[in-house]
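Q: Can you walk me through this one? I'd like to start with the charged pairs and then get to the fold.

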Amino acid sequence: MAAIGSDLQKAIALLQSDELVGIPTETVYGLAGNALSTKAIAKIFEAKDRPFFDPLIVHVPDIEATYQYVTHIPEKALLLARNFWPGPLTLLLPKKPIIPDLATSGLDTVGIRCPQHPLTTQLLKLLPFPLAAPSANPFGYISPTNPQHVNQQLGNKINYILDGGECQVGLESTIIGFEQDQPIAYRLGGLSIEQLEETVGPIQIQLNTSSNPTAPGQLKSHYSPTKKLVIGNLAELASKHSHQHIGILAFNREMPGIEINRQKILSPTSDLSEAAQHLFAYLRELDQLPVEVILAEEVPSVGLGRAINDRLKRASAQ
Ligand code: TXA
Ligand code: MG
């Protein structure tokens, strides 16, 4: 198992020797390594069992640092960065050669993000290089939102996890790329499209549901529990699966007639931020119960609700 603590010097020493460290961010925990070192990057892919066609996000301490790694920042990208960094927003920008092709899976853009977490901000400011960090879960499984989740799944592959408590947002960053300087959303996430549009106007949404080579990684099946997950009307699903041990992931209220310890309620007050924050941890808890199938319902499809529903659909895809 990895040690869990808040020793920045220890994290720095490991990262400087091309070792990996679990790091907290506001979205999910990351599996971090030196983004300028092919050796560290290779270790990330290996530890996650991640296919090499799925590029990594590079984390920086601020906007200024971004210029070291990209050739150009479109005007609307700069507006977004100024308004929403640090925060759950990744910008796809044309990369400089200093970013290894291994990190970007050979693409000529690199995903750059400035995360919002005091410990990780300090770490990024102290390091002489940026951090490549995918979510700290084995490829395809539910993303981690606390250090224990990271330890359960990758504890045998890394030495140290920085303890930043529970993630406040709970959904990965929203990914925005640019074509002719116009913004396109490739992944819905912790910042809603509505919020971003207030700053830059209309954003086209291009979510991929298969391994589309133009945006690798937006795979149809992802974020999956090991148990089967079915989405729909909970009452109908519960009667259809009445012969099985079921677990329930509900939006705002319990299902009558089902044991309460097999049910998780994302937000009793119908608050979508709270629902987002709980989503992955609750899916994980249900996955660990002695249930055969997890039944879930969609949440209202507005704001963060769209990203939550996106994760539920990918988690339920076979
Ligand atoms: O919130 C987050 O973004 C978290 C935390 C740790 O920062 N990180 C994260 O990384 O979610 P990961 O590797 O699990 O997801 C990154 C996604 C992948 O689906 C990948 O395909 C996409 O970003 N991506 C990265 N660089 C890209 C690029 N240049 N072009 C298209 N997609 C890219
Ligand atoms: Mg991930």
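What follows covers salt bridges, then a helix and the sheet.

Q: How many salt bridges does a search of the whole structure find?
A: The search finds 10 salt bridges. Keep in mind that this is a predicted model.

Q: What does K264 pair with?
A: K264 forms a salt bridge with E285, and the closest N and O atoms are 2.8 Å apart. K264 lies in strand β14 (residues 263-265) and E285 in helix α10 (residues 272-288), so the pair ties together parts that are 21 residues apart in sequence.

Q: Is K264 buried or partly exposed?
A: Partly exposed, at 22% relative accessibility. E285 also counts as partly exposed, at 37%.

Q: And R262, which side chain does that one meet in a salt bridge?
A: The side chain of E259, at 3.2 Å from N to O. R262 is buried, because its relative accessible area of 16% is under the 20% cut-off. E259, with 46%, is partly exposed.

Q: What about R311 and D310, buried or exposed?
A: Both R311 and D310 are buried. Their side chains meet in a salt bridge of 2.8 Å, N to O.

Q: Which residues are linked with them in a network?
A: E172 and R314: together with D310 and R311 they are linked in a network of salt bridges.

Q: Switching to helices. Is α7 mostly covered or mostly open?
A: Mostly covered. Helix α7 spans residues 147-154, and six of its eight residues are buried. Those are P147, H149, V150, N151, Q153 and L154.

Q: What covers them?
A: The cover includes strands β1 (3-5), β3 (30-34) and β8 (160-162), along with helices α2 (38-48) and α10. Helix α10 is also where E285 sits, the partner of K264.

Q: What does N146 do at the start of α7?
A: A side-chain oxygen of N146 reaches to within 3.1 Å of the backbone nitrogen of Q148.

Q: Now the sheet. What is the strand order?
A: The order is β1-β8-β2-β3-β7-β4-β6-β5-β9-β10-β11, an open sheet of 11 strands with mixed pairing.

Q: Which are the edge strands?
A: β1 and β11 (204-205), each of which pairs on one side only.

Q: How is β11 joined to β10?
A: By two bridges; β10 (residues 182-187) and β11 run parallel. A185 has I205 in β11 as its bridge partner.

Q: Which strands does α4 lie across?
A: Helix α4 (residues 75-84) lies across β5 (89-94), β9 (174-179) and β10. It runs at about 150 degrees to β5.

How values were computed:
Residues numbered from 1 in each chain as written. Chains lettered and ligands numbered in written order. Predicted model: local features only at pLDDT ≥ 70, side-chain atom pairs only at ≥ 80, totals over all residues. Heavy atoms only, no water. Salt bridge = Lys/Arg side-chain N within 4 Å of Asp/Glu carboxyl O. Buried < 20%, exposed > 50% of the residue type's maximum accessible area, 1.4 Å probe, protein only. Helix = DSSP H or I, 4+ residues; strand = E, 2+ residues; numbered from the N terminus. Contact = heavy atoms within 4.5 Å. Polar contact = N/O pair within 3.5 Å; in protein donor to acceptor, adjacent residues only side chain to side chain. Pairing = 2+ DSSP bridges. Axes fitted to C-alpha atoms, helices over the stretch in contact; angles between N-to-C directions.
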